[in-house]
Amino acid sequence: MGSSANQDNVASLATDFYSLLESFKETPFYHLLFEIFLVLTVLWLILFRKPRRIEKKLTEKEKQELIDEWQPEPLVPPVDANHPALNVRVLDGIVGKTIEIDGKKSLNFATFNFLNFVGNPRIADKAIQAVQKYGVGSCGPRGFYGTIDIHLELEERLAHFFNCEEGIIYSYGFSTVASIIPAYSKRNDILFVDEGVHYAIQKGVEASRSTVKWFRHNDISDLERLLAEQDIHDKKNPKKARTLRRFLIIEGLYMNYGDLCPLPRMVELKYQYKYRIFMDESVSFGTIGQTGRGVTEYYNIDRRKIDLISSSLEYSVGSIGGFAVGSSFVVDHQRLSAQGYCFSASLPPLLAAAAIEALNIMEEKDTTLCDTLMEKSKRLHRKLLDIKGYLIVGEDISPLKHLRLTNSQNTVARLEEIVEFAQTRGITITVARYLNDEHHLPEPSIRLILNVEMTDEELEFLCTVLQEARVKVTV
Amino acid sequence: MAKTSAHQKNKSYSNAVYATPVSEHPSLDEVYEVTPFSEAFWTYLNYVILNIFGWFRDLLRNARIENRKGSAENNPPGFVPLYQSYESFYTRNVYQRIADCFNRPIGSVPGATLDLLERVTDDYNWSFRFTGGKVKTINLASYNYLGFANNSGPIAENVINSIKTSGLTAASTTQEFGTLTQHRKLESLLAEYLGTEDAIAFGMGFATNALNIPTLVGKKNDSFQSLAINKTKLLYLKGCLILSDELNHASLVLGARLSGAVIKVYKHNDMNHLERLLRESIISGQPRTHRMWKKILIIVEGVYSMEGSLCKLPELIELKKKYRAYLYLDEAHSIGAMGLRGRGVVDYWKCDVNDVDILMGTFTKSFAAAGGYIAGKKDLIDHIRVTSHSAAYATSMSPPVVEQIVSVLNLLLDNDEEHEGRQRINQLAWNARYFRQRLTKMGFIVYGHPHSPVVPALLYSPSKIAAFNREMLKRGVAVVTVGFPATPLVLGRVRFCLSASHTKEMLDEVLKHAEEVGDLLNMRKSKLNPKRPFHETES
């Protein structure tokens, strides 16, 4: 029984084997070759290929060696002891229209005191009253009992001054715009930023982590080119484009250049390409426009078309801090999401009281202050144009002007010499100071700031001194 | 000087017998009781119900059945909406319900007592109306640790004088014409007070962190131009590492992010985790390239204001020395408030101030002014003077504020036990211990270090946050209650800030009210310290 089964098995095996051999004859030649090649490869892999060495983990000894070897850099690099920041002039007394340096009085064309509110007795009185009512510090952030009624009053007054729905104040000028931009613009949003904006805006833009598109300073055609490019990009992916917010960040009057932004055209483009405008009016508040309400008043544009206007209380107003005004819908968001507002102590009440009084004075004087300032700026501009050898950068109505030497003579060293010489003659001016990592470092210049109370003779004197200085320096 | 201290003695140091000098050893035990299961359960349920209601109300609002309160966007069509709808879901439906607990306006000095402006709402917290009345409350909310928030007295006189002689602002940056003699005086006094070589002061505490951390561990300076005024070649090099505590303040986080360095977060006060991270980081080097790190900076705070905990400074210094890292200590809440002589946590732990590389602090809390400072070795401060964003672009500090700080420093530098400075420090230390002990014995779950001036008691759920706040206000006590997102989701709390100007009677009154409200809200459920009535906790 078994043997016959075995025999059957063997027989079936034999026939299978035979049919296998037969099929071999029928296969095409290339198939055979391919099979042989595969078999050879497998043999090679098994027998001849060297196995990959598995990386051994570091031993404790090796780890300790690495730790022992590691040496950090020194915490700070060495600093040149002659750096101007380490040898600043230390002043005494009120830094108003005149300053006292080394016992001598000189005319002050260096500090941001446009409307000469520094040292104003009315403002000082109000500040003293505030100290007598509230003390000095507010001892808390706005969310936790740091909101004092005087802050609310200042916010209302600012909103009223600008004819906007709501205002919000910050305790530090630098962090105003640097906190505002990240509060609205998040990671994938698009920011169109002018190259000449000042450092605080650059930091705000960096902190927002959005996509930034820089356009050449005040160059509308460059902006239009960028907008058109973005438009093409959007049309390829409309679903995504509907979730990306776009913002245009500009200044009213640029601190680094002294010129105005071409606002009317930018507002037109706003409705064409659907972006929002955030304008920083730190320098133009109180100085441009008939009543000091800024660039929107100068160009006669409806302020509701600008989504947010941010500014500083440290320049014309003569206090400390910053603020933003706009519609309630836009401004209210900052109360919960602007870092410099939520996580920082509020403005000391005496500075808020000073700002309110300054606003009072501005509203009383109505057009006289700013008109006078614009007139004097124009006059100064004409006088400066008469001096040979200087390049004046800035609008004629701007009280902030940049002075450069012509062609290749414009170096920091020469400008510093001019400043030194002017100081000996009783005029205080300053070279504009920048940090190295500005996005678009402006060329060296002297920043001239006009105080509204400067008389014509004083302006003449300034021009005379500048002329003499230039002659002395370029000889 | 003697006259004023006697005057102060009569006013607020009637309980002089209760103000013993702080002589005990620094303590290492901090207690964090485990969240009771029932509390966690009810809190989560709370949030679920809030979410359901929120979703439902949003539905009604979208269908225009309910009026949209709050300002509506009036932009022309075609613009992308300014805010994502889910970002404001929490604001509309959770925060808005308890919005009356926050942003309360005050109308007086934020001292030991506070005058709140009474406000009512007609439409469930969407808008408020002032009635014109004032509510007098005991103030356990302001950061007034040493009680220097005063509107009269010799310090206020100094401030008023300085307004007359120096104006309110120099309207110029520190590197140009903003440095006055007062600023230099402040910096030298500060260096003397802290025991460092030099110090530099800024106008805002938040900005001190956010604008100066990038100058210490910044990224490579690609846009270096030869026309630059800064003659120093800035050697910012990519490849720095920041190890930051989990619960660090927003300003430290922002500064770290702006610097561009790699950031690793370690668990709060967990020195083992920190050491593991240090070892692993040094061994494996920078991500991807495995090059060595250029610098490692450990960022910690002295007192963490939401937890009430202290950093473990001796262990940190040991770790720092072992691995050659640098230590950045943010003493916003601890300067003036901790330590035998009020010099901060370094004084409290009796460590050497030269071991901490960068000491930072603010003037808003103990000094009742505004601003921040950084102190350390002279070459560090020189570097910051040259490269700080704030020194180059921001207006210098306002002279009256500087005068306030200088006057306070003069008082605090005086080591005489009888004089005002030391008396205040001792009073604060006594107040902090007393309040915390009694609160704990009454059965509240209290977090934090036994000697910290910040005392957080746990509430857990968002409804209790609002209820505690409102109930205490009814009884005349102003407190700060916080929930998500400043704290973890389940751990809402009330945070008491003690002050040297609180008398024992005021603290007892607050404790009695807290007992009542605690019972009303069923808060006194500590298992470590079973609840006892107020009169039994005196010891």
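Cys497(B) is buried, with 1% relative accessibility; buried means under 20% relative accessible area, exposed over 50% and partly exposed in between (1.4 Å probe, protein chains only). Cys139(A) is buried too, at 0% relative accessibility.

## No disulfides

How many disulfides does the structure hold over all chains? The count is zero, where a disulfide is a pair of cysteine sulfur atoms within 2.5 Å. For Cys139(A), the closest cysteine sulfur belongs to Cys497(B), and at 10 Å it is too far for a bond.

## About the model

This is a predicted model, in which local features need pLDDT of at least 70 and side-chain atom pairs count only at pLDDT 80 or more, while totals for chains, interfaces and linings use all residues. Residues are numbered from 1 along each chain as its sequence is written, chains are lettered from A and ligands numbered from 1 in the order in which they are written, and side-chain values use heavy atoms, with hydrogens and water left out.

## A helical span in chain A

An unreviewed UniProt entry lists residues 29-48 of chain A as "transmembrane region"; such annotations may be inferred rather than shown by experiment, feature names are shortened, and positions follow the numbering used here. This span is 95% helix and 0% strand, and its end C-alpha atoms lie 28 Å apart. Helices (H or I, at least four residues) and strands (E, at least two) are DSSP runs, numbered from the N terminus.

Look next at Val42(A), found in helix 2 (residues 29-47) of chain A. Val42(A) is partly exposed, with a relative accessible area of 44%.
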